[in-house]
Amino acid sequence: MAMRLDKLLAHYGIGTRKEVKTYIRKGYVQVNGQIIKKDDFKVDYEKDQILFDGQPINYKPYVYLMLNKPSGYVSATKDNVHPTVVDLIKGYHQYDLFPVGRLDLDTEGLLLLTNDGDFAHKLLAPSRHHSKLYYAKVDGIMNQEDVLEFEKGMMIDHYQCQSSHLTILNTNENTCKVLIEIFEGKFHQVKKMVEKVGKKVTYLKRIQMRNLKLDENLKLGEYRELSEEELNDLMNDL
């Protein structure tokens, strides 16, 4: 993919466009073993070997991160009250990452961050009905009647929910653990659906989006880039 050298280095985070032009003219940059002093020199970041001050530049236009979101962080780039999920991400400041969708302040689990707006739009588009799977702890005992209520769809906030899947994992006295799969993403939807059948969510964690599962090795607050296989699978038929 052809790109101006100064633009690439500025996007990579070396400096401002003006600063990068100065670095190039002073001979700090090599492309395929040759010093380049023209800031408008065209490079192919997929094929060319680019060095800045002797260090390799591994540029990529888009980044896709999987975060195990902890409670207490809002799914936003800025907030005046709470820390944001972007505050957790280090070493990617030049990419202007944003969360793909949202998880509630007190909800944990799988959250994607990227700078690819088209990807985010397609993954979140309501018309595409992408699956989202949650693990929940519930105050109250959910039963087969609730399973059927979820399956047929229910009305919350004057909105008719699509059919969803409720799986009861276990029960203990007056609490239970469940899996809930939904195919849309209305505000507080899982919590409101559980409340609709007379119970209350006390803990919520998203564990899967489409075929992408939360990496069990990621501790709360940790993140990693999606593998090529994960990304290809997630983008399939978007």
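Reply: Go ahead. Keep in mind that this is a predicted model.

Me: Why is Thr 84 called buried?

Reply: Its relative accessibility is 2%. Buried means under 20%. Thr 84 therefore counts as buried. Thr 84 sits in the loop between β7 and β8 (98-99).

Me: What does Thr 84 touch, leaving out residues up to four places away in sequence?

Reply: Tyr 73, Val 74, Ala 76, Thr 77, Lys 78 and Asp 79. The side chain of Thr 84 also reaches the backbone oxygen of Ala 76 at 3.5 Å.

Me: What makes Arg 4 and Asp 6 a salt bridge?

Reply: Their closest N and O atoms are 2.9 Å apart. The rule asks for a Lys or Arg side-chain nitrogen within 4 Å of an Asp or Glu carboxyl oxygen. The pair therefore qualifies.

Me: Is Asp 6 buried or exposed?

Reply: Buried, because its relative accessibility is 0% and the cut-off is under 20%. Arg 4 has 28%. That value lies between 20% and 50%, so Arg 4 is partly exposed.

Me: What makes Asp 118 and Lys 122 a salt bridge?

Reply: The N to O distance is 3.3 Å. The limit is 4 Å, so the pair counts. Both residues lie in helix α3 (residues 117-124), 4 residues apart, about one turn of the helix. Asp 118 is partly exposed at 46%. Lys 122 is partly exposed at 26%.

Me: Why is Lys 152 called exposed, and what is Glu 149 called?

Reply: Lys 152 has 60% relative accessibility. Glu 149 has 29%, so it counts as partly exposed. The two side chains meet in a salt bridge at 3.0 Å, N to O. Both lie in helix α4, 3 residues apart.

Me: Which residues do salt bridges with shared partners join into one network?

Reply: Arg 4, Asp 6, Arg 17, Lys 21, Arg 25 and Asp 39. The total count of salt bridges is 16.

Me: Which members of the largest nonpolar core touch the most other members?

Reply: Met 142, Phe 150, Val 178 and Ile 180, out of 32 residues. Several elements each supply at least two residues, among them β9 (108-114), α4 (144-152) and α5 (189-196). The largest share, 4 residues, comes from β14.

Me: What is Phe 150 in contact with, beyond its neighbours within four places in sequence?

Reply: Its partners include Met 142, Leu 166, Ile 180, Met 193 and Val 194. Gln 162, Ser 163 and Ser 164 are also among them.

Key: Residues are numbered from 1 along each chain as its sequence is written. This is a predicted model: local features need pLDDT of at least 70, side-chain atom pairs count only at pLDDT 80 or more; totals for chains, interfaces and linings use all residues. Side-chain values use heavy atoms; hydrogens and water are left out. A nonpolar core is a set of buried Ala, Val, Leu, Ile, Met, Phe, Trp, Tyr and Cys residues joined through side-chain atoms within 4.5 Å. Buried means under 20% relative accessible area, exposed over 50%, partly exposed in between (1.4 Å probe, protein chains only). Contact means heavy atoms within 4.5 Å. A polar contact is a pair of N or O atoms within 3.5 Å; within protein, one must be able to donate a hydrogen and the other to accept it, and residues adjacent in sequence count only if both atoms are side-chain atoms.
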